[in-house]
Amino acid sequence: MSRALSRSLSKSGLAIGLAICLISRGSVSASVTLIDDSFTAADNTALIGRFPAPTDSPGNAYGGNGNVSLVGGFFGTPYEADILSNTARVGGDAGLGLNLGVATPTQFILSITFNISADTENQTNNAHRGAGLGFFSSVATGSGGSSHGFNNFTGLAVDRTGSVRLIVAGANSGIATTVAGFDPSLTHTLSYLVDTTAGIGSSTYIYLDGVGVVIAAPVNTFTVARTALAGFYNSSGATEVATFDNFMVVVVPEPAALMAVIGVTLLICLHYLGTARVRSSHSAGVRQ
């Protein structure tokens, strides 16, 4: 079995299990939206201004955060944000955010695969280091020393040592844990749920490669204002890049919509499996 197909099978099982677990416990809210981006496009396609595909329910394009290049190609600085081999290639201090158009308290499931094998720095160098998955209250591009990909970011960052850290409004929360056995040379998957309801505002069901992670986010960490845009970032050395794939955002519906959620999740899983098989077949053909 190819590595891509194996990762997709693992991700598919996790997604189905998470959806069923959430609904069976009644941990749900009242609206549905979906982002599903497999980053399938020609190499050097710029991410800023690009619409997620195959699914983009909000109908919005990615915006850049930090000193991010507006065009495709490898630059180092400004930091690249483009497509490479059907993955998102993101430079050492670049972020991408997508306006969700959700202005009410909501429960979101986020998931992404990432590879930070080229990153050499970790959270002992800077608390923001690693691959970040979460939300931005706003995004803006700029070239000054204070313009960073993690500005206005609230979510989780994973570095090359397996340290998982909570970042709140672009600042180090001081809350972190380390997942044993993390191999920075491999591609990994991070998934979790947040609830933006006032008085809750927390993250739960955090999984790194299917392993449960405990990060106790304080009440009201995730607010409606802080979760205006969903996205991801890379933070490391100036000429280092990370890759991201299979970016997914789901707004969980009411318990009565169990079958709809499972149906949507299965469609997502089938998409991932189909994509992996196509890539696996293509790779096999290239090797022949």
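Strands here are DSSP E runs of at least two residues, helices are H or I runs of at least four, and both are numbered from the N terminus. Two strands count as paired if DSSP finds at least two bridges between them.

On provenance, this is a predicted model, where local features need pLDDT of at least 70 and side-chain atom pairs count only at pLDDT 80 or more, while totals for chains, interfaces and linings use all residues. Residues are numbered from 1 along each chain as its sequence is written, and side-chain values use heavy atoms, with hydrogens and water left out.

Overall, there are 2 helices and 16 strands in the protein. Of its 288 residues, 52% are buried, meaning under 20% relative accessible area with a 1.4 Å probe, counting protein chains only; exposed is over 50%, and partly exposed lies in between. Contact means heavy atoms within 4.5 Å. Among contacts with a separation of 6 or more, 70% are between residues 24 or more positions apart.

Now the sheet. It is open, has 7 strands, and runs in the order β3-β6-β15-β8-β9-β10-β11 with antiparallel pairing. β3 (62–66) and β11 (171–178) are the edge strands, each pairing on one side only. From one strand to the next, the twist averages 20°; axes are lines fitted to C-alpha atoms, for helices over the stretch in contact, and angles run from 0 to 180 degrees between N-to-C directions.

Back to β8, residues 130–136. Why is β8 described as largely enclosed by the rest of the structure? Because 7 of the 7 residues of β8 are buried.

That leaves β15, residues 229–235, which contains N234. Is N234 buried or exposed? N234 is buried, at a relative accessible area of 0%. Its side chain reaches the backbone oxygen of V90 at 3.2 Å. That falls under polar contacts: N or O pairs within 3.5 Å, where within protein one atom must be able to donate a hydrogen and the other to accept it, and residues adjacent in sequence count only if both atoms are side-chain atoms. Setting aside neighbours within four places in sequence, the contacts of N234 include V90, G91, D119, G130 and F244.
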